[in-house]
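Visitor: Could you walk me through this model and tell me what stands behind the words you use?
Guide: Gladly; here it is.

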Amino acid sequence: MTKLSLLVAVVCMAANASAEVVVEKLTWAGIKMVHADTTVFIDAVGTDIWDGNAPGGLVSLESETSRSYALITHAHNDHFDLYGLKEVLGERGYVIVHEDEATYVASRGLRVIPAKLWVPVSRGGFLFTAVPAVDGFGDSQVSWVISVDNKRYLHAGDTLWHGQWESFGLQFGPFEMAFLPINGAKVLRDPMPESVASMTPTQAIDANLLLRSKSLLPIHYGLDDPPYYVEVPDNLEQLLSEAKQREVAVHPLKPGEQVIHP
Ligand SMILES: [Zn+2]
């Protein structure tokens, strides 16, 4: 190999490496995305809030890139890990958060970039856009559209089903992948409602289709704890069999597993 062809090969390898997007499933609803020199955590929880029973196992939060950002859909503790984010973001990272939660997150000692609904925030080669969601307890919650390298992703936290999936699909689709909650949890209250507080497997498939997403990565499942927290039984199995019938591609990654989008 001549020096020139070696140089071309190295440049091509570098170009390919910098274009790929690595998506890693973290514990529960957490997702980690790495592109070029930037790592993005979404609803990442690396602290053991599950008393040793983290669904699928606990994955600690680690970043090997020079820039790190974290997004949260809302500030419930299974989506917002104050101490984990402080440690992994260090002195240089930011939490990008909807403006409703920005003061709270900043008051806990994290550096924040407040975001308005529908207004994209550009950092580290990524575009982050907060879009509406509906929290099962009436708290403030958004979903995040994440654009990078001409690919779009959507992280839906633990939202309820709502009427805007089609408009998200029309506005931002097609998506490369949607990270959607599937456990359809009923959470103990007085009186105990029959209605669920997060999306069911069927609703996740509906949302994925309306979003025009190429694939669905299920999040937020595997924590059945009756009578306090009751999930749709066998939610992952139901998702997989229904997705097959309806021709939806599902990537059920375990915590710590990755998929690479070239
Ligand atoms: Zn949750």
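Guide: pLDDT is the predictor's confidence in each residue, from 0 to 100. The chain averages a pLDDT of 94, and 93% of the residues score at least 70. This is a predicted model, in which local features need pLDDT of at least 70, side-chain atom pairs count only at pLDDT 80 or more, and totals for chains, interfaces and linings use all residues. Residues are numbered from 1 along each chain as its sequence is written, and side-chain values use heavy atoms, leaving out hydrogens and water.

Visitor: Why is His79 called buried?
Guide: Buried means under 20% relative accessible area, exposed over 50%, and partly exposed in between (1.4 Å probe, protein chains only). His79 has a relative accessible area of 0%, so it counts as buried. Its place is in the loop between β4 (67-71) and α2 (82-89); helices (H or I, at least four residues) and strands (E, at least two) are DSSP runs, numbered from the N terminus.

Visitor: And why does Met192 count as partly exposed?
Guide: The relative accessibility of Met192 is 34%, which lies between the 20% and 50% limits, so the residue is partly exposed. Met192 sits in the loop between β12 (186-187) and α5 (201-211).

Visitor: What makes the pairing of the side chains of His79 and Asp158 a polar contact?
Guide: The term needs a pair of N or O atoms within 3.5 Å; within protein, one must be able to donate a hydrogen and the other to accept it, and residues adjacent in sequence count only if both atoms are side-chain atoms. The two side chains are joined at 3.2 Å, and the side chains of His79 and His220 make a polar contact of 3.4 Å.
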